[in-house]
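Dear colleague,

I am passing on the structure we spoke about, and I would be glad if you kept it open while you read the notes that follow it.

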Amino acid sequence: MPSMDAISRGLVLDSLKEYAKRRLPYDLIRDLDHANEFPAEILKEMYDPAVLGVHLLMIPEEYGGVSGGTYDIYRVCEALARIDLGIATGVFATFLGTDPINVGGTQEQKNKWLNKIAKENLMVAYAATEADAGSDLINLRTRAEHVVKNGKVAGYRITGNKQWISNGGVADLYTVLAMAPGGPSWFIVERNMEGFAPNKHEDKHGIRLSNTAALALDSVYVPAENLIGLEEGKGLLQAQAVFGYTRLMVAAFGLGAGWEALEQAIRYSQQRIQAGGPLSDKQGYTHKLIVPHAARLEAARAYIEYTANRLDGGEHGLQTEGAIAKYSATENGNKAAEDAIQALGGYGYTRDFPVEKIKRDIKITCIYEGTSEIMEMTIYRGRWQEHLKSRGRWYLDMADEMDKLHASVHDCGAYAAGLALRALAAVMEECRLQKLTRHQHVTFKLGRLIALAETAACFARAAAPGKYPDSVRFDAGVYKALSRVYAREAALALSVEGLALVLGASDNSSGLSAAMNMPAVQEAQKGLIADMDLAAAGLKTTFKAK
Amino acid sequence: MNIVVCVKQVPDSTEVKINPETGHLIRAGVPSIINPYDHAALENALKLKKTYGGRVTLISMGPPQARSVVQMGLALGADEGVLLSDMAFAGSDTWSTSYALAKGIAKIGKTDAIFCGMQAIDGDTAQTGPGIAQQLGIPQVTFCEHVDIDGKNFIARRHIDGGHEIVEARPPVLFTILVPKEFSPRCPSFPEIHGSVKKPYHVWTADDIGAEKHYLGLKGSPTQVSRIYPPPQREKAEMFSGSAHEAAEHILAIMRKGQFIAE
């Protein structure tokens, strides 16, 4: 779906922030977190179209929704994550639960169910995961058996157990993945159906405002018209079709929660005086705990926006891109939150300050909707194919593009990003020649390196124009400095880690070091401290102490 | 009744800082909001529409991004929006702004009442509303806490020192409106924002409203701002308790010590 216009999107974000300011002060969130309590009233209010109608964002206009595009949903998810990741998950679960109907439903099913979700403000849950089936859904054990009447399949009896279902205990409607005689298939299950029973709300490490429960289905009768798409065996395809899109939402969670923690650290650092000056003026603090995280998170943002715009432009799938976005934003968000605790010292370690909760909450983004390790594997698989198909040109072409960009915009980080991409191309080619991808560790590590190089290139592209969308809160000088900091980090990591990877898996890596152009990577590190100084000053101006 | 509400986009004053060296507002990264007084005026107009029917039209003047406040008003329930946007308007003072808005309102057509916020939180002049009434040659009722309709007339509760007065006015009339004490501004919901895009919205230039250019912009403005500066920071007040007599003695002692009065 195409995005909203920028003004409408701005108003949507303003309304959401204003609602949170009034109804979700941190004291309330902290108490709910402590009590492990799902704020049902708040969620119902957020779904109320007279108040916010947040669930309508996912639903096309013709079914009573507001037809938000991927870019809009990313911005809303980021804003939700800044409020509370548990509440964000409560909203996301409805988005996710609605997806199988959106993607695979017949026209009649969409008419019936999407209209119902929109009009009745239904909370939805997406029930795929089982104890022994997470990203490996093919192992699913929940069964859907035919109920035949008058020689026709009149319905199904579903039996099995689902695990870790967000909104599991509180949803009105469930989309449940079960093995039908024709293969994995999605079914619409209503809460009041006989034999359906949610279990207790889990006692989790974080996102404690999100209801998570197991589901027990004991011969639950579902009419045949509740089989999504009215065709068995399409379930896994339907699930995979939206990964590019749904993983982008979780990426936005990592971005939002990570930035929220980092912003709190930046504001705090201007008030805490140590050894005669504020922490915000000390490199030992800013260049370790603040600036690298800001650069990594903005790189992730650039990649999220790039992917969202492609999806809104009509491209489908983009599973590798969705995985890169999720991996980059959630891993970097998690690390930023970890260092935000460090940045606040003893205060950060108490529950009086939100960074402690954000750190507990954000960890889930590296786990749900595919763990970081599944992301590494997905990224490797997708791009390895491109490397082979292009006979090693995939990243060399991208590096050429960076060199061209550097020729016209010399300060956007394109030069170092190009070095990172060339190093990546060399490592991948060496892995092909020496058949190193027989080691699983090599493949997963390649996933990490690919994400690093591609996000550096994407950040350089985003920083080049000098005028940015309103999601970027920095002027060109600071934003470009952040891109350069990140591109240098990517180039260095690619060459050092890439070389170590090949050396660790084989005895022979002759020529790799030269192909990586190590002297140029080293030379490119010049100016790093000056750029970090510039970025630290810019962050202080942007996020002033309150 | 047809009501026109004037709205202005202003920087969120809680976030605004002034560069002490240049005297300029630091606008970078400062969010823009609807002027809270205008928001109160809009809510008053929408309440009248809900109770008695009629039509609410918004008018604003500003750069293209000021569309945001007009669209927000449309999302909250107004029927039509107008933005006066033209480089010719840039730098207009309150007189020129009143002139342009009056021309715009005249183009909108039959108007029974014009609702303005009492003042804007960025300039704090409280001159634009009354200026529009003067330009249009219609009566004005300022400092209104609330405006209602009684038959064919408007009834305003007007704030005055130490109390209030009730004023009845025949249309056409202009009201400037205060922010009520317990005012909790509404935010539009997602579907309301989505629906607002389909409402009639017009961007009018100086030519569109038939404004004479020499009355517009910095050059057409009879007043000019020479400098903006933050007020000096006040020192912390000293608080003391005791009887009125003791307090007076204490204050006298401080004034003598500071040589504000003779010993």
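**Two helices of chain A**

In chain A, helix α16 (residues 476–505) packs against helix α19 (residues 528–542), with the axes of the two helices 9 Å apart and an angle of about 135° between them. Since angles over 145 degrees would count as roughly antiparallel and those from 65 to 115 as roughly perpendicular, α16(A) and α19(A) are therefore described as oblique to each other. The crossing in which α16(A) passes α19(A) is left-handed. Before going further, please bear in mind that this is a predicted model, and that its scores are ipTM 0.92 and pTM 0.92.

Which residues bring the two helices together? On the side of α16(A) they are A:G477, A:V478, A:A481, A:L482, A:R484, A:V485 and A:R488, and these meet A:L528, A:D531, A:M532, A:L534, A:A535 and A:G538 in α19(A). Sorted by class, this contact has 8 nonpolar, 2 polar and 3 charged residues.

**The sheet of chain B**

Chain B has an average pLDDT of 92, and 94% of its residues score at least 70. In this chain, 9 strands form an open sheet with mixed pairing, and their order is β11-β10-β9-β12-β8-β1-β6-β7-β13. The edges are taken by β11 (163–169) and β13 (201–204) of chain B, each of which has a single partner strand, so one side of each is left without a neighbour in the sheet. From one strand to the next, the twist averages 30°.

One pair can be followed in detail: β8 (residues 113–117) and β12 (residues 173–177) of chain B pair in the parallel sense over 5 bridges, and within this pair B:A113 stands opposite B:V173 in β12(B). Helix α1 (residues 36–52) of chain B packs on the sheet, where it touches β1 (2–6), β6 (55–61), β8, β9 (140–150) and β12 of chain B, and its direction makes about 145° with that of β8(B). Helix α3 (residues 94–108) of chain B also packs on the sheet, touching β1, β6, β7 (80–84), β8 and β13 of chain B, with a direction that makes about 145° with that of β6(B).

**Where the chains meet**

The contact between the chains takes 22 residues from chain A and 15 residues from chain B. On the side of chain B that touches chain A, the elements that give two or more residues are α2 (67–76) and α5 (190–196) of chain B, and the largest share, 5 residues, comes from α2(B). By class, this side of chain B has 9 nonpolar, 5 polar and 1 charged residues.

With best wishes

Methods
Residues are numbered from 1 along each chain as its sequence is written. Chains are lettered from A and ligands numbered from 1 in the order in which they are written. This is a predicted model: local features need pLDDT of at least 70, side-chain atom pairs count only at pLDDT 80 or more; totals for chains, interfaces and linings use all residues. Two residues are in contact if their C-beta atoms, placed from the backbone, lie within 7 Å. Helices (H or I, at least four residues) and strands (E, at least two) are DSSP runs, numbered from the N terminus. Ala, Val, Leu, Ile, Met, Phe, Trp, Tyr, Cys and Pro count as nonpolar, Asp, Glu, Lys and Arg as charged, and the others, Gly among them, as polar. Axes are lines fitted to C-alpha atoms, for helices over the stretch in contact, and angles run from 0 to 180 degrees between N-to-C directions. Angles under 35 degrees count as roughly parallel, over 145 as roughly antiparallel, 65 to 115 as roughly perpendicular and the rest as oblique. A crossing is left-handed if the near helix is turned anticlockwise from the far one by less than a right angle, and right-handed if clockwise. pLDDT is the predictor's confidence in each residue, from 0 to 100. Two strands pair if DSSP finds at least two bridges between them.
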